[in-house]
Amino acid sequence: MSELVHFLAHALELESRAGERYGRLARHMEGLGKPEVAALFGRMGEFSFRHAGEIRRLALPQGPLPRLSSWQFDWPDPEPPEVGDLARTHADMTVEEALDFAIANERSGRDYYLRMALSAADARTRRMAAGFAGEESEHVQILERWLETITPPS
């Protein structure tokens with residue numbers, strides 16, 4: 001399997017799993033009567049699913065992406081980057097805490113893509129990873145702006 005196909009399979013898993021996790025968190029927070037937090041997680045899930053769709057389109061010329069088993073993924077942690085640690089979520093979560101959680105997730109995704117942009121041997125993989133890192137950086141900036149609107153400067 002080429003390095004590009006391997007990278008795209010990882011990126012698709014990362015974004016798909018992040019979208020699913022954000023969706024579950026949105027439904028959970030909605031059930032807890034936290035509509036603002038639910039809306040935030042819903043929006044983050046949309047970002048991830050849109051990115052997964054982009055990855056699928058980019059992968060089309062490569063043929064079908066391989067379906068990797070859980071042990072075949074090269075993640076720095078047991079969960080894919082950007083999925084987030086569920087231990088950081090709780091029933092009393094505030095919008096600020098949800099934003100902090102989402103910012104940490106997006107930074108983790110950005111850092112993963114940056115590592116790939118720096119370490120990939122294939123130039124196309126490096127370019128694609130750098131582009132994905134840029135998208136994650138934009139998500140971080142969006143979230144940080146949202147956080148600024150609810151957190152007065154100290």
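**Figure 1. Overall size of the protein chain in this predicted model.** With 154 residues, a compact globule would have a radius of gyration near 15 Å, and the protein chain agrees with that at 16 Å. The radius of gyration here is taken over C-alpha atoms, and the globule rule is 2.2 Å times the number of residues to the power 0.38. Picture the C-alpha atoms filling a box of roughly 45 × 30 × 25 Å along the principal axes. A quick note on the numbers: residues are counted from 1 along each chain as its sequence is written, and side-chain values use heavy atoms, with hydrogens and water left out. Since the model is predicted, local features need pLDDT of at least 70 and side-chain atom pairs count only at pLDDT 80 or more, while totals for chains, interfaces and linings use all residues.

Figure 2. The protein chain has 4 helices and 0 strands, running α-α-α-α from the N terminus on. Helices (H or I, at least four residues) and strands (E, at least two) are DSSP runs, numbered from the N terminus. Among contacts between residues at least 6 apart in sequence, 81% join residues at least 24 apart; contact means heavy atoms within 4.5 Å.

Figure 3. Of the 154 residues, 44% count as buried. Buried means under 20% relative accessible area, exposed means over 50%, and partly exposed is in between (1.4 Å probe, protein chains only). As for charges, there are 18 positive and 25 negative side chains, with the centres of the two sets 5 Å apart. Lys and Arg count as positive and Asp and Glu as negative, leaving out His and the chain ends; each charge is placed at NZ of Lys, CZ of Arg, CG of Asp or CD of Glu.

**Figure 4. Inside the largest nonpolar core.** A nonpolar core is a set of buried Ala, Val, Leu, Ile, Met, Phe, Trp, Tyr and Cys residues joined through side-chain atoms within 4.5 Å. In the largest one, with 23 residues, Phe7, Leu8, Ile55, Tyr113 and Phe132 touch the most other members. Helices H1 (3-31), H2 (35-59), H3 (95-119) and H4 (123-150) each give two or more residues to this core, and H1 gives the most, with 8 residues. Another core lies apart from it, with 20 residues, among them Tyr22, Leu40, Ala102 and Leu143. In soluble globular proteins, nonpolar side chains tend to be buried together.

Figure 5. Leaving aside neighbours within four places in sequence, isoleucine 55 is in contact with Leu8, Ala11, Leu12, Glu15, Tyr113 and Phe132. Alanine 52 sits in helix H2 and is buried, with a relative accessible area of 0%. Leaving aside neighbours within four places here too, alanine 52 is in contact with Leu12, Glu15 and Ser16. Glycine 19 is 33 residues from alanine 52 along the chain, yet their C-alpha atoms are separated by 8.6 Å.

**Figure 6. A loop residue with a positive phi.** Glutamate 82 lies in the loop between H2 and H3. This glutamate is not a glycine, but glutamate 82 has a positive phi of about 80 degrees. Glutamate 82 is also buried, at 2% relative accessible area.

**Figure 7. Out towards the solvent side: glutamine 141 and serine 119.** Glutamine 141, in helix H4, counts as partly exposed at 42% relative accessibility. Serine 119, in helix H3, counts as exposed at 53%.
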